[in-house]
Amino acid sequence: MRDILLTGGITPWKYLNTEPVKKYPGLSEQLSCDVLIVGGGISGALMAYVLTMQGVDTVLLEKKRVCEGSTSANSGLLQFSNDCPLSDLIQQFGEQRASSFYMMCRHAVRRITEIANHLSRDSGLITRSSLYYASTPQDVGMIRHEYDLLKRKGFDVEYWGREHVKANFPFSKEAAIYALKCSLSSRQTKKAKSLAFNIPSVIKTEGIIFLS
């Protein structure tokens, strides 16, 4: 097998996902619509789905093939926390804006779950809990501060010490934040489906016009 370069167009999903990515016809005539979406990745596909379910006449255009851009290099994991902790965002943008962003991310995870559950076929999406742990003893204070912020903002999280982590995982860390049922991931079966690859082909049956 060739080396997998996530930024070079050769990604794990091409090897793990045995189902072919659906091809769509090219734009061969003039079309009119209420909303034109440019880009057939997971964001464009979800936007098209939501608009169509609300009765909006929607057309989605993709320059190449659906899900072969940055979506093809996705991790198959969605969660409300991201690369920037809430504590850092508060320092950059203030508490109100940073907290609102995290709450919108939490809402988005719940909304995507609802969408996946209402699709006409199995998207392979499942709900998981997550563990955000201190990489070094020096990070314990940051983890505790992050936990206090998340708890105060109403997020369903727990603070775990070393013994609690060790009792539930095959490793131990000084401190961790355990977030209950906060993440979404693709089910790792023999076919290893990816939400990113499934959404466009699934919602094709819902009345959206996909064009490549």
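**Entry 1: Leu86**

I started with Leu86 and looked up its contacts, meaning heavy atoms within 4.5 Å. Leaving aside neighbours within four places in sequence, I found Leu86 in contact with Ala98, Ser99, Tyr102, Glu146, Leu149, Leu150 and Lys153. A note to myself: this is a predicted model, where local features need pLDDT of at least 70 and side-chain atom pairs count only at pLDDT 80 or more, while totals for chains, interfaces and linings use all residues. Residues are numbered from 1 along each chain as its sequence is written, and side-chain values use heavy atoms, with hydrogens and water left out.

**Entry 2: the cores**

Next I looked up the nonpolar cores, which are sets of buried Ala, Val, Leu, Ile, Met, Phe, Trp, Tyr and Cys residues joined through side-chain atoms within 4.5 Å. Buried means under 20% relative accessible area, exposed over 50%, and partly exposed in between (1.4 Å probe, protein chains only). The largest core has 18 residues, and Leu86 is among those with the most contacts inside it, as are Phe80, Tyr102, Leu150, Phe155, Val157 and Ile177. I saw that α3 (86–93), α4, α5 (140–152) and β6 (175–186) each supply at least two residues of this core. The helix α5 gives the most, with four residues. I also noted a second, separate core of eight residues, including Ile42, Tyr49, Ile112 and Leu119. Helices (H or I, at least four residues) and strands (E, at least two) are DSSP runs, numbered from the N terminus.

**Entry 3: Ser87**

Is Ser87 buried or exposed? I found it buried, because its relative accessibility is 7%. Ser87 sits in helix α3 and, neighbours within four places in sequence aside, is in contact with His145, Glu146 and Leu149.

**Entry 4: α2 against α4**

I then turned to helix α2 (residues 42–53) and helix α4 (residues 95–118), which pack at an angle of about 70 degrees with their axes 12 Å apart. They are therefore roughly perpendicular to each other (65 to 115 degrees). Leu46, Tyr49 and Val50 of α2 make the contact with Arg111, Ile112, Ile115 and His118 of α4.

On its own, α4 has 24 residues and reaches 35 Å from first C-alpha to last, close to the 34 Å expected at 1.5 Å a residue; that expected span is 1.5 Å times one less than the number of residues. Among the buried residues of α4 I listed Tyr102, Arg106, Ile112 and Ile115.

**Entry 5: Met47**

Last, I checked Met47 in helix α2. Met47 counts as partly exposed because its relative accessibility is 45%. The C-alpha atoms of Met47 and Thr58, eleven residues apart along the chain, are separated by 9.5 Å.

How values were computed: Axes are lines fitted to C-alpha atoms, for helices over the stretch in contact, and angles run from 0 to 180 degrees between N-to-C directions. Angles under 35 degrees count as roughly parallel, over 145 as roughly antiparallel, 65 to 115 as roughly perpendicular and the rest as oblique.
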